[in-house]
Each structure stands twice: as C-alpha cells, then as structure tokens.
Amino acid sequence: MCAIFGVLGRYEPRKAAEAFEWLRHRGPTDGHLILDPRGVWGVHRLAIESAGEPLRQPFGEGERVLLFNGEIYNYRELARDLGIPEATEERIILAARERWGMEFVRHLRGMFAIAILEPSQGRVELYRDPAGKKPLFYLLRDDYFAFASEAKALYALKSFFLERRHLIQYLGYQSTIAPHTLDREVKKLEPGGCLVLEYKASEERRGKRDRSVPHSSLLTPHSSETILSTPVRYYDEESAAVVVEEALSESVAMRIPGKVPWGVLLSGGLDSSLVSALAARASDKPIRTFSIGYENSSHDERPWAQRVAKHLGAEHRSYAFGPREFHETLEELLELLDEPLGDPAMVPLYFLMKEAAKEGVRVLLGGE
C-alpha cells in the first residue's frame, strides 16, 4: 500500500506538506515530495517489488512525471513486448503509455492508481484499475486541481462540506458510490476510469510560485474495458472446471511476492481455502496463514481454518478477537477512515493485518 499526491496550480507549501503527511501511514518505507513552481507532487512507498532498492518516484522520463500506487503483475512480460531490457514498473508504465496511448491500461494486469503529469504542457491523466482496488480522489477548484490516494489529504487543503443527498447512498450500499463522496467537492475516480485535466498558465501570474492556475479546464472521464466485457462460454462442467482452475492458479501465483515475507488470510471457507491451497502449490516452502475468531461465539471459524492449515502443512497463526480488542481497534481505525464504511468485518480484519505485520509479513493474499 502506497500513496500518491499532487496539486497543480496555486498552492501553499505548508498546507501541501501537511496534506502529504496525512498519507504517511500508507507508505512507511520512505517518501518524497517535490515542490515546483507549477505544482507539487509526491509519493509515500511501501516497498514490495522494489524492496531493498532506492525510491524511484516521482519518476520522470522526458516531459512526463509518473506517480504510481499498486502492482503491475505482468510488467516483465510487457518489458519483453516493449523491448526494454532493464525493466521497472515505473519505466514500463510510461513506455506503455508512449506505445499505446491512453489505451495502455488495457495491457496492464494488476491493481493501480496512476497519475501521469506533463507540467510543461499543463496536463494530468489519472487512471484506476478496473476492480477499483486502489483508491484515488480528486478536487477541482478555481485556482488548483488536487488528487490523492485518500480524501483526508484533500481535506487538509479545504474544509469539509457535507453533501446530504449522498447520505442515502451510504445508508443503502454501506458506502458512497463513485464518483460521489460525502463532500460536495471531493470526487473519487470510478473503477476502470480515466480522468484528464488540461490547463494553461495564467498570464498575469507568470514568474510567480503559483503561476500555473487551471484555466479553461477540460475534465474528460473515460472508462476502460470492464472485467466481464468479453463473453465467456463453456459447454460442459469438466472444461469449465479446468479453465477456472488454470485462471485461479495463474492469478494466485503471479501475486506471490518474491522479495518480502507474505501470507494468506485463511478463514477455512471455500474462497480463502482455495487461495491457500493454490499458494501452497506455487510456493517452494510452507506458506504462512493467519486467521481470527470471536470469543464465545458460534461464528468462530478458527477450527475450520486450523484443519485447512494442517492439511496444507502451513505455518498457522490464530488470534482471538473479543470486546476489548474490538473497541481498541475501532478507535484506531476511525482515524484512518475518510468517511463512514458500513462493513463490520473491517474491524477484525484490520486487527488481524496488524498482527501479521508484527510477524514481519508485508503482503497478504485473501479470498476476496
């Protein structure tokens, strides 16, 4: 989990630095913020694929600057297609953008929030993966455009203004639906979406720090191809089972990191058990699994998780979650939320991920 942040147009350096700091928890490895007369942009990094390597972002090549949060699982294959011998995810993203234009996201397999800036041309492009796994929020005002991995960074630039009509979305769906948030001005990019902002420098402000002010702004939302846009037809149960197993096996294997400790969230249910089994098959050593259960509850799934872990020969960790842990975790979690999220499972899940992090684990696969 990393964070990207940027402001194009007028900005106050102190406020911009404060907004960037609100995102630090997403990237504890390191971070870098650039203050430029045309704007400000920066990244907080949690090193996974780049573990042990220096921070490469914000990444510049030619006229373009890249900010990237996520993982591109097929970047090595893309490197071969693009003829780039020394590949990094950052170089591949910009090379793909150069080769295929704005349609380059159709070639990416992964989870991502991407910002590509051309400060000298007054242009920024925002992209979000088709499943919407990586968040991206934005704000357009008269004198600046800002974007961030979490809305709280944008609230450091402006006051929160409740949009009451969006409360019905939260009450009906447990969250607001993109592009809406509970703020009147802050929007979130839709899954699979692209947003383009073109602006030009205000003549009367040339030579000053805030000279690049959005003027005659053009906001163009695009939608990349949806995940299920290609028809799938299978004519018998056996061939369907083979294709599904192949797809699951490939998907799990390509998500196993090669540089950092990893594990699997295991409840003992169908989805997490499948992922655990396929991860065990793809790994050259016993996998690590993590489960959580409610004390004195009929919904405690730890015995099932233990049975699966034993069958797979996994190194298993199990944690109890009671009222005290719930209230302590909830207090901490509320500080991280930008707006209400009606998912009670997020509380024990956050607790479990913290425990896994104490074990040195940096990546967790899950049944979702």
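Modeller: Let's start at Arg-97. Leaving out residues up to four places away in sequence, Arg-97 touches Arg-64, Met-102, Phe-104, Ile-116, Arg-123, Glu-125 and Tyr-127; contact here means heavy atoms within 4.5 Å. Before we go on, this is a predicted model, with local features needing pLDDT of at least 70 and side-chain atom pairs counting only at pLDDT 80 or more, while totals for chains, interfaces and linings use all residues. Residues are numbered from 1 along each chain as its sequence is written, and side-chain values use heavy atoms, with hydrogens and water left out.

Back to our spot. Arg-97 sits in helix α3, where helices (H or I, at least four residues) and strands (E, at least two) are DSSP runs numbered from the N terminus. Is Arg-97 buried or exposed? With a relative accessible area of 10%, Arg-97 is buried; the cut-offs are under 20% for buried, over 50% for exposed and partly exposed in between, using a 1.4 Å probe and protein chains only.

Now widen the view to the largest nonpolar core, which has 23 residues. By a nonpolar core I mean a set of buried Ala, Val, Leu, Ile, Met, Phe, Trp, Tyr and Cys residues joined through side-chain atoms within 4.5 Å. Those with the most contacts inside this core are Leu-66, Ile-72, Phe-104, Leu-108, Phe-112, Ile-114 and Tyr-127. Two or more residues each come from β5 (64-72), α2 (75-82), α3 (89-100), β6 (110-118) and β11 (193-198). The helix we began with, α3, gives the largest share, 5 residues.

You can trace Phe-104 and Tyr-127 both ways: they are on the list of core residues with the most contacts, and they also touch Arg-97. Leu-66 is worth a click too. Again skipping residues up to four places away in sequence, Leu-66 touches Gln-57, Pro-58, Phe-59, Glu-90, Ile-93, Leu-94, Ile-114, Ala-115 and Ile-116. So Ile-116 turns up beside Leu-66 and beside Arg-97, because contact is judged by heavy-atom distance.
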